[in-house]
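Here is a short report on one protein chain. Keep the sequence and the 3D view open as you read.

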Amino acid sequence: MEQQAVWAIIIFLVSYALIISEKIHRTIIAMIGGLLVVGFGIVDQETALHHIDFNTLGLLIGMMIIVSITADTGLFKYIAVWAAKKAKGKPVAIMIVLALITAVGSAFLDNVTTILLMVPVTFSITRQLRVTPIPFLITQVIASNVGGTATLIGDPPNIMIGSAVKELTFAAFISNLAPIVVVIMAVYIPLFILIFRKKIQTTPERIQNIMDLELTGLINDKKLLIKCLVVLGLTIMTFFLHQLIHVESAAVALAGAFLLLLMTGEHRMEEAFTKVEWTTIFFFIGLFVLVSGLVETGVIADLAAKAIDVTDGDPVATSMLILWLSAIASAFLDNIPFVATMIPMIQEMGNMGVDNLEPLWWSLALGACLGGNGTLIGASANLIAAGMSAKEGYPIKFVAYLKIAFPLMLLSIVLCSGYIYLRYLI
């Protein structure tokens with residue numbers, strides 16, 4: 001193995017270990033790792049820039065701006081309180097309705113944003129009921145990762161896969177992933193009720209407190225809401241038309257964001273930009289450069305060759321290997337760096353004679369997104385919910401979460417195994 005390849009592996013593994021340890025912020029580690037790849041001459045600056053996926057970054061930034069402005073209208077709080085009243089104030093029913101709203105929201109906004117919007121509202125409702133918010137938050141985290149699996153924009157791994165493989169359009173993600181997502185949520189709902197129903201009992205008086213909540217006044221800017229809904233609707237509709245109009249998803253999301261800023265006035269621009277998660281954006285940049293070192297030195301190609309040797313290029317065995325490897329790895333490692341490593345590996349398999357890569361891409365998407373449910377550190381949405389809950393005095397313990405979520409994650413991957421096999425491999 002060439003010396004440059006050895007250095008690329010060392011920098012990647014050390015960076016990965018530090019990201020997992022959470023001793024230093026992952027964005028700092030990813031950026032320093034990426035800069036070391038350039039500094040050691042493993043890739044030059046121009047090549048490093050070529051490996052940065054600006055389509056993924058543009059899509060994330062555009063959607064963050066749209067959602068941040070929409071949140072200012074009070075829409076998301078209105079939806080949550082309306083749902084609680086429709087559930088007759090009953091804790092178990094509210095828990096399930098909020099989980100379903102989170103799943104749907106995560107499909108069309110992205111799971112991190114949806115969790116940021118839903119958690120404060122959940123605390124508001126559980127205070128009225130005087131029950132622990134932890135069951136509500138755990139079901140929402142799991143639902144956010146499941147719902148985010150259904151679309152191109154729902155979860156960062158899907159954004160990365162869709163950006164790398166131009167044939168996988170917004171409509172393709174929905175038609176291929178939404179059916180199994182619906183099945184998984186249908187299986188999860190009765191299990192949520194079974195697991196949590198005894199932990200969130202309350203009194204009739206507290207239920208009445210929920211029913212007495214007023215919806216009037218929760219929407220604080222109706223004109224802004226109309227503008228936001230129009231732009232959001234146009235943006236999502238344009239995602240569906242991607243294959244016909246040949247405009248990349250980043251251009252669509254950024255066009256939507258700046259159209260909304262144009263309609264709402266430049267006074268909102270600075271506030272909207274402060275709500276963009278720049279730490280996440282720079283984490284992606286560092287990560288793309290970090291992985292470029294493995295690509296340019298041939299390490300990824302060697303891994304792909306070994307994977308094909310293990311499975312003999314058999315499409316069933318290769319798909320199942322990627323699905324289960326992605327799920328288990330994404331449960332214990334952040335799924336974003338894992339997917340960044342896997343994408344070029346699958347592309348290399350195509351160069352080595354694997355004819356039909358489609359089952360492999362869907363296996364990677366399902367494994368990475370759903371595997372993130374396995375532990376508290378498996379996905380960004382999990383960590384955000386845990387952090388917000390701890391600030392409110394309700395820490396979600398790693399082992400307590402693991403006992404509930406890991407078996408549910410394994411169940412979802414079993415269901416996905418059957419789905420991949422029946423739909424693509426028979």
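## A buried ring and its partner

F173 counts as buried, because its relative accessibility is 0%. Buried means under 20% relative accessible area, exposed means over 50%, and partly exposed lies in between, with a 1.4 Å probe and protein chains only. This is a predicted model, where local features need pLDDT of at least 70, side-chain atom pairs count only at pLDDT 80 or more, and totals for chains, interfaces and linings use all residues. Residues are numbered from 1 along each chain as its sequence is written, and side-chain values use heavy atoms, with hydrogens and water left out.

A search of the whole structure finds 11 aromatic pairs. Rings of Phe, Tyr and Trp (its six-membered ring) pair if their centres lie within 6.5 Å; planes under 30 degrees apart count as stacked, over 60 as edge-to-face and the rest as tilted. The rings of F173 and W362 have centres 5.1 Å apart and planes at 90°, so this pair is edge-to-face. The pair links distant parts of the chain: F173 sits in helix 10 (residues 170-196) and W362 in helix 20 (residues 358-371), 189 residues apart. Helices (H or I, at least four residues) and strands (E, at least two) are DSSP runs, numbered from the N terminus. W362 is buried too, with a relative accessible area of 1%.

Elsewhere, F258, F273 and W278 form one aromatic cluster.

A disulfide is a covalent bond between the sulfur atoms of two cysteines. Here the test is a pair of cysteine sulfur atoms within 2.5 Å. How many disulfides does this rule give? The count comes to 0.

C416 is in no disulfide, and the nearest cysteine sulfur, that of C369, is 10.0 Å away. C416 is buried, because its relative accessibility is 0%. C228 is buried as well, with a relative accessible area of 0%.

## Buried residues and their contacts

Contact means heavy atoms within 4.5 Å. Take L323, in helix 18 (residues 315-332). L323 counts as buried at 0% relative accessibility. Not counting residues up to four places away in sequence, L323 touches S363, L366, G367, I413, C416 and S417. L323 and S175 are 148 residues apart in sequence, and their C-alpha atoms are 19 Å apart in space.

Two serines come next. S68 is in helix 4 (residues 54-71) and counts as buried at 8% relative accessibility. Which residues does S68 contact, leaving aside neighbours within four places in sequence? They are A272 and K275. S292 lies in helix 16 (residues 278-296). S292 is buried, with a relative accessible area of 1%. Leaving aside neighbours within four places, S292 is in contact with V37, V43 and H51.

A nonpolar surface patch of about 1100 Å² is made by I226, V230, L234, M237, F240, L241, L244, I245, V247, L259, L262 and M263. Patches are made of residues with over 30% relative accessible area and no salt bridge; like charges are joined within 9 Å, and nonpolar side chains (Val, Leu, Ile, Met, Phe, Trp, Tyr) within 5 Å. A salt bridge is a side-chain nitrogen of Lys or Arg within 4 Å of a carboxyl oxygen of Asp or Glu. Accessible areas come from the Shrake-Rupley method with a 1.4 Å probe; for residues, only the protein chains shown count as cover.

Helix 12 (222-240), helix 13 (242-245) and helix 14 (249-264) each supply at least two residues of the patch. Which helix gives the most? Helix 12 does, with 5 residues. F240 is found in helix 12. F240 is partly exposed, because its relative accessible area is 40%.

## Another partly exposed residue

L303 is in helix 17 (residues 299-311). L303 is partly exposed, with a relative accessible area of 39%. The C-alpha atoms of L303 and I346 are separated by 9.8 Å, and the two residues are 43 apart along the chain.

## Two loop residues with positive phi

K88 is not a glycine, yet it has a positive phi of about 60°. K88 is in the loop between helix 5 (75-86) and helix 6 (91-108), and it counts as exposed at 53% relative accessibility.

R130 is not a glycine either, and its phi is positive, at about 55°. R130 is found in the loop between helix 7 (111-129) and helix 8 (134-148). Is R130 buried or exposed? R130 is exposed, because its relative accessible area is 62%.
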